[in-house]
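Please keep the sequence and the model in view while reading.

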Amino acid sequence: MHMMTELHLTAAETKLFNALPSELQDGWTVVEETQKFEDTDRNVRTRISIIRLKDPKLNAFKEQVKNAKDQNEVANLISEFDLQNVAQPDLAKLFFALGTEPLSKIIQITLPKATTDKDIENVAALSLIRNALLRSFINNYS
Amino acid sequence: MSDIISQPEKAPNSGSDSTEIESFLPTPDVLSGLLGKEDAEIFEMYINASKRAELVDGIMEHEEDLCNRYEGLDNIDKLEMESLIDAAGEQMIKDPSMQQNIHELREILTVTRQSLAAERQFLEETDPNGAGEKEAALSRIKDSEKGAGDKEKRSLWKKAWDVVTWMPRNHPIITTILAIAAISWGAYVVWGLLSEALIIPNPMTGAAEVAETVVAPTGGAVTGIPQAEIALPNLPDPSRGSSYLLEPLNINNMPPPSATPSPPMPDIGTPGFFERGPL
């Protein structure tokens with residue numbers, strides 16, 4: 001399997017990365033994320049509206065959410081759900097609907113808290129997804 | 001999808017000699033003329049999900065005519081048309097006046113088309129199996145070096161999605177995308193729950209006495225999602241500090257009913273709560 005060794009970080013995020021202990025930085029290469037895109041509420045609403053999920057595990061989760069008695073039960077359902085065995089295309093659709101800005105915020109708040117190489121790997125995956133999202137948004141929203 | 005920005009000789013039913021560049025969008029005025037049906041009948045087909053397929057079929061039957069009419073339109077993507085008709089129909093259900101507000105409807109359909117195109121590009125680029133473009137890539141890529149690069153890229157995406165799949169349940173991205181899924185199913189209240197996934201210390205307290213404080217996405221101003229709109233999950237400003245803790249959703253931290261925003265967060269169980277709403 002390919003080794004994911006690059007972090008696609010903005011200049012501000014790079015500063016956060018550089019502030020981490022050197023042993024955490026070892027083995028990672030920062031590639032500056034220069035793409036910029038300003039999302040809109042209409043874009044977000046539209047992306048959410050076109051979500052069509054097919055994964056059986058997610059569809060079972062949907063039924064649980066729909067049958068929830070109250071918002072606390074929904075909260076519990078969400079907190080107990082994991083993404084293992086969820087089909088990759090459906091994961092991608094959810095990230096697509098979410099968009100780049102929340103993803104950036106999450107990168108920015110998780111990066112400084114990284115304490116293990118696994119934490120950095122998580123950021124690397126999210127930054128790679130954001131990189132592709134930015135490209136698709138810039139190319140298609142005009 | 002076809003890139004169908006075009007300049008028709010005369011936009012269907014435009015009623016003007018405008019030279020404004022228009023693409024083909026399945027609006028009621030266009031389909032009424034195209035299919036030779038009354039406006040009321042067309043409207044009924046839009047708002048009746050079981051009849052939307054007839055609209056799509058009608059469009060596809062006139063594909064050649066439309067391609068001749070709209071310069072630059074080479075073909076019509078049936079799946080795209082289905083999505084656009086769905087989007088238009090849902091808008092008309094929410095707001096029947098949309099039938100007459102062609103300008104607004106065109107804007108909505110334009111964003112829908114852009115979103116579909118963006119989604120397609122993103123899904124193709126991030127597909128670890130290269131589905132969709134696999135065959136095209138195989139026939140296009142003769143250069144073994146380039147083929148190796150493509151394989152490496154797929155391998156990279158497989159790794160990235162594996163990482164996401166195995167992230168801990170309390171990672172904020174997991175909660176966030178599950179919230180997005182629930183919202184897409186009509187559970188708008190979940191947007192408010194999203195805030196509960198992020199526990200941020202009060203920046204006014206000392207490090208030794210950090211109180212874990214639940215901070216709503218907007219700093220406490222909004223904890224629910226109005227039925228009329230979906231806002232971005234405005235997550236906390238990182239400039240507030242990095243010493244946060246991530247915790248799973250804690251139902252004990254749920255805001256009391258009095259903390260619900262205006263307009264009030266709808267109660268689960270309310271008829272229509274889970275129906276697809278105002279997206």
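In this predicted model, a network of salt bridges links Arg42(A), Glu104(B) and Glu107(B). Arg42(A) belongs to helix 3 (residues 41-49) of chain A, while Glu107(B) belongs to helix 6 (residues 102-126) of chain B, so the pair joins two chains. Arg42(A) has a relative accessible area of 24% and is therefore partly exposed. Glu107(B) is likewise partly exposed, at 34% relative accessibility.

A further salt bridge is formed by Lys159(B) and Glu121(A), whose closest N and O atoms are 3.1 Å apart. Because Lys159(B) is located in helix 8 (residues 144-165) of chain B and Glu121(A) in helix 8 (residues 117-140) of chain A, this pair also joins two chains. Both Lys159(B) and Glu121(A) are buried.

Another salt bridge is found in chain B, where the side chains of Glu90(B) and Arg52(B) meet at 3.1 Å, N to O. This pair links distant parts of the chain, with Glu90(B) in helix 5 (residues 78-94) and Arg52(B) in helix 3 (residues 52-61), 38 residues apart. How exposed or buried are these two partners? Glu90(B) is partly exposed, as its relative accessible area is 28%. Arg52(B), by contrast, has a relative accessibility of 5%, and therefore counts as buried.

The contacts described here are among the 18 salt bridges counted over all chains.

Technical notes
Residues numbered from 1 in each chain as written. Chains lettered and ligands numbered in written order. Predicted model: local features only at pLDDT ≥ 70, side-chain atom pairs only at ≥ 80, totals over all residues. Heavy atoms only, no water. Salt bridge = Lys/Arg side-chain N within 4 Å of Asp/Glu carboxyl O. Helix = DSSP H or I, 4+ residues; strand = E, 2+ residues; numbered from the N terminus. Buried < 20%, exposed > 50% of the residue type's maximum accessible area, 1.4 Å probe, protein only.
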